[in-house]
Amino acid sequence: METLVATVLIVVVFIIASMILNNLFSNTIKNNTRNINAKLNELEYLYINDKINIPAYDDYKFWEIAIERDNDRGINIIKLEAVNSKASKTVTKEIIEN
């Protein structure tokens, strides 16, 4: 009887631990924006070196990227915005023009 109770307790602890780890890993994968940040840095580099024209639009994996010019209180800003509709995430980067 003691062995059966110990086995059940070990199985319950294992199931709870595996559910917690699965949740942590899936959240880490969903919240990982490293690739899109690298792509936005690449597009920023291309803009600074006059290799792309504004406005520009691009798709990268599940992300829709828009590069647009904005004027905020007399300051010209280039806005790089990536939207992932699947994960409901938005990553924005701004470049202030001289």
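Where is Pro-55 found? In this predicted model, Pro-55 is located in the loop between helix 2 and strand 1. The peptide bond that joins Ile-54 to Pro-55 is cis, with omega at about 0°. The loop between helix 2 and strand 1 also holds Asp-50. The phi angle of Asp-50 is near 55°, which is a positive value in a residue other than glycine. Asp-50 counts as exposed, because its relative accessibility is 68% and the cut-off for an exposed residue is over 50%. A positive phi, near 55°, is also found for Lys-61, again a residue other than glycine. Lys-61 belongs to the loop between strand 1 and strand 2, and with a relative accessibility of 61% Lys-61 counts as exposed.

When neighbours within four places in sequence are left aside, the contacts of Leu-40 are Ile-65, Leu-80, Ala-82, Val-91 and Lys-93.

Tyr-47 lies in helix 2 and is buried, its relative accessible area being 14%. This assignment follows because buried means under 20% relative accessible area. If residues up to four places away in sequence are not counted, Tyr-47 touches Ile-52, Ile-54, Arg-69, Ile-78, Ile-95 and Glu-97.

Although Lys-39 carries a charged side chain, the residue is buried, with a relative accessible area of 15%. Apart from residues up to four places away in sequence, Lys-39 touches Asp-58, Tyr-60 and Ile-65. Of these contacts, Ile-65 is also touched by Leu-40, and Asp-58 is the partner of Lys-39 in a salt bridge.

In total, the structure holds three salt bridges. In the bridge between Lys-39 and Asp-58, the closest N and O atoms are 3.8 Å apart. Lys-39 lies in helix 2 and Asp-58 in strand 1 (residues 56–60), so this pair ties together parts that are 19 residues apart in sequence. Whereas Lys-39 is buried, Asp-58 counts as partly exposed, at 29% relative accessibility.

Another salt bridge is formed by the side chains of Lys-93 and Glu-44, with an N to O distance of 2.8 Å. Because Lys-93 lies in strand 4 and Glu-44 in helix 2, the pair ties together parts that are 49 residues apart in sequence. Lys-93 is partly exposed, with a relative accessible area of 24%, and is also among the contacts of Leu-40.

The remaining pair consists of Glu-97 and Arg-69, which form a salt bridge with their closest N and O atoms 3.3 Å apart. Glu-97 lies in the segment after strand 4 and Arg-69 in strand 2, so parts that are 28 residues apart in sequence are tied together by this pair. Both partners are partly exposed: the relative accessible area is 22% for Glu-97 and 47% for Arg-69. Glu-97 and Arg-69 are each touched by Tyr-47.

The largest pocket has a volume of about 300 Å³. Its lining is made up of 14 residues, and those lying nearest its centre are Ile-29, Asn-32, Phe-62, Trp-63 and Asn-84. Helix 1 (2–30) and helix 2 each provide at least two residues of this lining. In terms of class, the lining of the largest pocket contains six nonpolar, four polar and four charged residues.

Note on methods
Residues numbered from 1 in each chain as written. Predicted model: local features only at pLDDT ≥ 70, side-chain atom pairs only at ≥ 80, totals over all residues. Heavy atoms only, no water. Contact = heavy atoms within 4.5 Å. 1 Å grid on protein atoms, 1.4 Å probe; cavity = no way out; pocket = protein on both sides within 12 Å on 5 of 7 lines; lining within 4 Å. Points joined across faces, edges and corners; volume = space filled by probe spheres on them. Helix = DSSP H or I, 4+ residues; strand = E, 2+ residues; numbered from the N terminus. Salt bridge = Lys/Arg side-chain N within 4 Å of Asp/Glu carboxyl O. Buried < 20%, exposed > 50% of the residue type's maximum accessible area, 1.4 Å probe, protein only.
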